[in-house]
Amino acid sequence: MRISGFRSLWGAVAALYVRRRVVGKFDSSAVIDRRYSSYGAASNSKTAAFSLVELVLALGVAAFCLFAVFGLMPVGMQTNRNATSQTAATNIISVIVADLRTTPTAATTSPQFAITFGTDKTLYFDASGQASISLSPDSRYRLNITWNSAPTGLNYAVLRVTWPAQIDPATTTPGGSVQIFAAFDRT
């Protein structure tokens, strides 16, 4: 088998040499046409097509991957919802802390949210960030401010935002919460 393959290779080289001598320049298109002519004929044969087994296996793998991706969709949506709620709760806390820090030293009540230093308070916020002192159907977040005793001139507060607002964190575990400890120098 090896010898016949070598002879056919030698015959192809000899044919190229003869062709080059006749034409005067090397033309590889004849070799390419001869070498790959069998592939054009094979395109209609059975070897170029997919079998039914291969097609079913490919569809099975694709279906398995799609089920895995669709199975992760609810987890991704819940994670996105939690991240959005945590961001909103953090923004609420930062607005409250800014309000308390900008309160003049002579005043005992903050100007924007009417929070009295040293007095615990609960505020409710809707999705747009509007505050109210009472729970309403639009309330989404609950802010509890708890003041701790401190030396004169210092006020310590624990600010905790929980959601949903309808759940009291003292009796039931909320869906989520953000908590911060803040110190206010009132001297």
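The exercises below treat the chain as a whole, then its aromatic rings, then its surface.

The model is predicted, so local features need pLDDT of at least 70 and side-chain atom pairs count only at pLDDT 80 or more, while totals for chains, interfaces and linings use all residues. Residues are numbered from 1 along each chain as its sequence is written, and side-chain values use heavy atoms, without hydrogens and water.

**Exercise 1.** Determine the secondary structure of the protein chain and the order of its elements.

*Solution.* Helices (H or I, at least four residues) and strands (E, at least two) are DSSP runs, numbered from the N terminus. Counting them gives 3 helices and 5 strands. Along the sequence, their order is α-α-α-β-β-β-β-β.

**Exercise 2.** Classify the ring pair of Trp147 and Phe184, and locate both residues.

*Solution.* A pair of aromatic rings is described by the distance of the centres and the angle of the planes. Rings of Phe, Tyr and Trp (its six-membered ring) pair if their centres lie within 6.5 Å; planes under 30 degrees apart count as stacked, over 60 as edge-to-face and the rest as tilted. The count by this rule is 6 aromatic pairs. For Trp147 and Phe184, the centres are 5.9 Å apart and the planes stand at 50°, so this pair is tilted. Trp147 belongs to strand β3 (residues 139-148) and Phe184 to strand β5 (residues 176-185), so the pair ties together parts that are 37 residues apart in sequence. Trp147 and Phe184 are both buried (under 20% relative accessible area; exposed is over 50%, partly exposed in between, with a 1.4 Å probe and protein chains only). Ring pairs also link Phe117 with Trp147 and Phe184 into a cluster.

**Exercise 3.** Is the pair of Tyr156 and Phe181 stacked or edge-to-face?

*Solution.* The centres of Tyr156 and Phe181 are 5.6 Å apart, with 15° between the planes, and the pair is stacked. Tyr156 lies in strand β4 (residues 154-163) and Phe181 in strand β5, so parts that are 25 residues apart in sequence are tied together. Tyr156 is partly exposed, at a relative accessible area of 24%, whereas Phe181 counts as exposed at 52%.

**Exercise 4.** Is Leu52 buried or exposed?

*Solution.* Leu52 is found in helix α3 (residues 52-101). Its relative accessible area is 64%, so Leu52 is exposed.
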